[in-house]
Amino acid sequence: MNDWIESKDDKILQEDLDAIAKKELPFEELRGAGVLVTGATGLVGSMAVKALACCNRVHELDMKIIALVRSENKARTMLGDLVEREDIQLVKGDILGELNLEDPIDYILHGASVTASKTFVTKPVETIQTAIQGTENVLKLAKNKKIKSMVYLSSMEAFGITDPSLSSVREEDLGYIDVMNVRSSYSESKRMCEALCAAYAHEYQVPVKAARLAQTFGAGVSKEEGRVFAQFAKSAMFGEDIVLHTKGESTGNYCYTADAIAGLLTILLKGTSGQVYTVANSDTTIQIKDMAKLVASELAEGKIKVIFDIPEDALTYGYAPDVAMHLNSDKLMALGWKPVYGLLEMYQRMVKSFKEQGL
């Protein structure tokens with residue numbers, strides 16, 4: 001196997017990948033395994049491929065990592081020279097079609113999904129179809145291949161609007177989702193996919209688990225990223241005021257990129273089939289407006305300010321409804337997982353990563 005490192009152009013990210021490979025996880029179970037990652041050009045999917053490749057190199061596991069992508073060009077942009085390594089196999093395909101993969105597959109990380117907020121409201125039908133039809137196709141593949149473990153990447157949006165009286169929100173504390181709100185195409189389909197996973201685990205004994213991911217950022221985020229957390233960081237880097245298009249009263253829950261990947265690997269190797277786990281750093285819970293102020297005062301050292309510019313129709317932008325929940329990750333932590341980085345450190349490492357990428 002070629003042994004070059006996984007992120008030669010970003011030493012901050014490489015530090016994180018090496019740290020993941022040093023976690024106390026039963027990596028031996030992956031020896032000689034075929035591991036499929038869907039959505040391998042997304043943030044979490046590409047990070048998972050890089051982390052698995054690092055574990056493969058460090059522990060000499062002789063794994064075969066199969067990255068399912070829709071665009072080879074995007075895959076080469078996200079994964080770089082890694083696509084030339086012998087242990088990485090790019091497969092061009094679409095989860096909406098039948099998945100006829102000939103190679104042995106023992107483990108699956110299913111991350112392919114519509115993720116752009118605006119698409120949830122401009123193409124809600126496609127958002128739902130990609131989630132449900134795509135996930136069933138992956139589950140059928142898992143059943144046919146008689147895999148050892150699969151993790152479905154769900155979202156904290158599956159919680160909906162939870163009971164505000166709860167001091168912390170656990171996996172069973174699902175709240176309200178307005179199914180007639182077009183943006184619910186995303187959150188409701190995430191719930192349906194979790195139910196589909198539980199059904200396949202029960203009826204066909206497919207060893208699948210679900211992971212409800214908090215918003216994830218840190219080293220490894222592309223310098224081209226346009227989501228709110230990246231916009232905040234870039235504002236600090238370039239000395240520009242942070243502009244909020246909502247009141248910023250929604251409470252956010254976050255997790256550092258490498259911490260999230262370590263969580264997914266923990267669920268993959270140690271989780272219980274038919275169960276769902278929350279992947280969030282409980283210490284990062286904060287209102288959006290307060291996170292903006294944190295970035296302005298700490299990351300930008302008070303040289304910028306926060307400005308509110310709220311459009312009349314926020315739905316057009318696909319903004320999520322305001323929620324006030326504090327996610328609890330005790331269930332995942334009981335498996336031995338523990339987040340490493342807090343919110344300010346997440347931003348600091350992401351900015352260093354941006355600079356490594358030439359931003």
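## Sheet, helices and cysteines in a predicted model

A search of the whole structure finds 0 disulfides, a disulfide being a pair of cysteine sulfur atoms within 2.5 Å. The model is predicted: local features need pLDDT of at least 70, side-chain atom pairs count only at pLDDT 80 or more, and totals for chains, interfaces and linings use all residues. Residues are numbered from 1 along each chain as its sequence is written, and side-chain values use heavy atoms, with hydrogens and water left out.

Cys 54 is in no disulfide; its nearest cysteine sulfur belongs to Cys 55, 5.9 Å away. Cys 54 counts as buried, at 0% relative accessibility. Buried means under 20% relative accessible area, exposed over 50%, and partly exposed in between (1.4 Å probe, protein chains only). Cys 197 is in no disulfide either; the sulfur of Cys 193 is the nearest, at 6.8 Å. Cys 197 is buried too, at 3% relative accessibility.

Next, the sheet. Helices (H or I, at least four residues) and strands (E, at least two) are DSSP runs, numbered from the N terminus. Seven strands form an open sheet: 7 strands in the order β3-β2-β1-β4-β5-β6-β10, with parallel pairing. Strands pair if DSSP finds at least two bridges between them. β3 (88-92) and β10 (276-279) stand at the edges; each has a single partner strand, so one side of each lacks a neighbour in the sheet. On average, neighbouring strands are turned by 20° against each other, direction ignored. Strands β1 (residues 34-38) and β4 (residues 107-110) run parallel, joined by 4 bridges. Val 37 stands opposite Leu 109 in β4.

Now the helix contact. The axes of α1 (residues 11-21) and α11 (residues 343-356) come within 7 Å and cross at roughly 125°. Axes are lines fitted to C-alpha atoms, for helices over the stretch in contact; angles run from 0 to 180 degrees between N-to-C directions. That makes α1 oblique to α11. Angles under 35 degrees count as roughly parallel, over 145 as roughly antiparallel, 65 to 115 as roughly perpendicular and the rest as oblique. Contact means heavy atoms within 4.5 Å. Lys 11, Ile 12, Glu 15 and Asp 16 of α1 meet Arg 349, Lys 352, Ser 353 and Glu 356 of α11.
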